[in-house]
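Biologist: I would like to go through how two chains touch, one term at a time. Please give the cut-off whenever a term comes up.

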Amino acid sequence: MKEFKVTDHILVPKHEVLSKEEKIELLKKLNISEKQLPKIFDSDPVVKEIGAKIGNVIKITRNSPVAGKSIYYRIVIKSE
Amino acid sequence: MKWERVHKMYEELISNLELPEKIKEDMSKSFEIYKPTKSQAKKIIDRIVNTYKKMLYEPGEAIGVIAAQSISEPATQMTMRTYHVAGAAAKQVSLGLPRLIEIVDARREPTTPMMEIYMKKEFNTKEDAAKVAKKIKETKLKNIVLEDVIDLVNSEVELKIDINYLNNLDMNMESLKKTLKKYIKNYDITTEDTTVKITSKKETTIRELQKLKLKIFDISLRGIRGITQTIVTKKGNEWMIITLGSNIKKVLGIKELDPTRIYSNNISEVEKLFGIEAARNVIISESSKTLADQGLDVDPRHLILVGDTMTMDGTIKAIGRYGVSGEKRSVLARANFETTVKHLTDAAVEGEVDRLDSIIENVLINQVAPIGTAMCDLVFKPKTSKEK
């Protein structure tokens, strides 16, 4: 039997780790600092699965009922 | 041939627009139907883009207040209605306002946890679904006991078992004895026809026997802990199981079920297993479902805002004193919400500073609040002597 992956679940949208250059570009484009981004814990099952590290920015492509597709960003922080 | 060229022209016009995917899709769909010429198409696109931009909220609009009012106004209507649903469907779920409060307060456990489970493609039959439903439903010993007697003279508990029920669970008296042995020690277990006798090895009091009885009644013989009821239904072409009680982790391991489509209304459980984004999705779908069930029409955007706010910091926060409102930076804003004196005294002890840069505190002291056009500040940068 194939191992179940959290990222295959219908409730979980697509998560991608941004490269360093992409991260800098994004922060510049939005004119914000890292602290102002929404957060995601490093203990989050999806973060563990895609292997993101603390400080990485994750690009989330959500299915939205109003816009069809919407893009969201979260920064990985240490869990409490 | 010509049609392909037109089709390509449409694609080129639409693909570079800065519009949401859905509007683009709708546009190309209706272009296929009405087949406008290139200049017409351009005009249409201009109109759509303009209208879209007009519909957007401007920077500084107080969308939080708008969302709060848009949700709570229908919720007020709900308070008056929920307790008066006269003897309708016996579906045992918490509905209406109580459920909405549960979601927004980020309670650990919903009062009526539920799961929706779909079958895998190769097991998509009524028989398989019924089999799995039977397998996962939790059966405790007390469900199969017909009669129980506490015999104080011999210091034993005697249970009369519903043998048909037991056979239904693919068990017999022997295996029942084995299961019981795992849970209780220092007692002798003997089985007869349809009775089980649990005898104490030493003298006991009636109290201890009572305690023993309650303990063995709670032993689960079959199924997954927490799932008290299962209902097999058909949704479209697919068989699915609705369960009362939620235990995603255990259900994930069952091979007949589709692990990618297990849905639970227990938000904190979803967060733990599938992550914060999945939890956000459940918050939004649960709250919109609750409102829709009551016949209320709330725009999904407001609920999305609530979901985003609650999951912003990587974990689920309640809307209220112990969550979003209690973590505001401004002392006055916190004091304005609930437990005023506590916040003010704490702030005085710690020597907190309120920078008056948010909305509530400015309303409080009768200043222009930084919303809408008042959000802008004048910035003056005098030239340094070197630059002159």
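Modeller: Contact means heavy atoms within 4.5 Å. By that rule, chain A brings 27 residues to the contact and chain B brings 32 residues. This is a predicted model, where local features need pLDDT of at least 70 and side-chain atom pairs count only at pLDDT 80 or more. Residues are numbered from 1 along each chain as its sequence is written, and side-chain values use heavy atoms, without hydrogens and water.

Biologist: What makes about 2,400 Å² the area buried between chain A and chain B?

Modeller: Buried area is the accessible area (1.4 Å probe) that two parts lose on being put together, summed over both. For chain A and chain B that comes to about 2,400 Å², with 63% from carbon and sulfur atoms. On the chain A side, A:Phe4, A:Leu11 and A:Val66 supply 25% of the area buried against chain B, more than any other three residues.

Biologist: Which elements of chain A supply at least two residues each to the side that touches chain B?

Modeller: Strand E2 (39-41), helix H2 (45-50), strand E3 (57-64) and strand E4 (68-77) do. Helices (H or I, at least four residues) and strands (E, at least two) are DSSP runs, numbered from the N terminus. The largest share, five residues, comes from E4(A).

Conventions:
Chains lettered and ligands numbered in written order.
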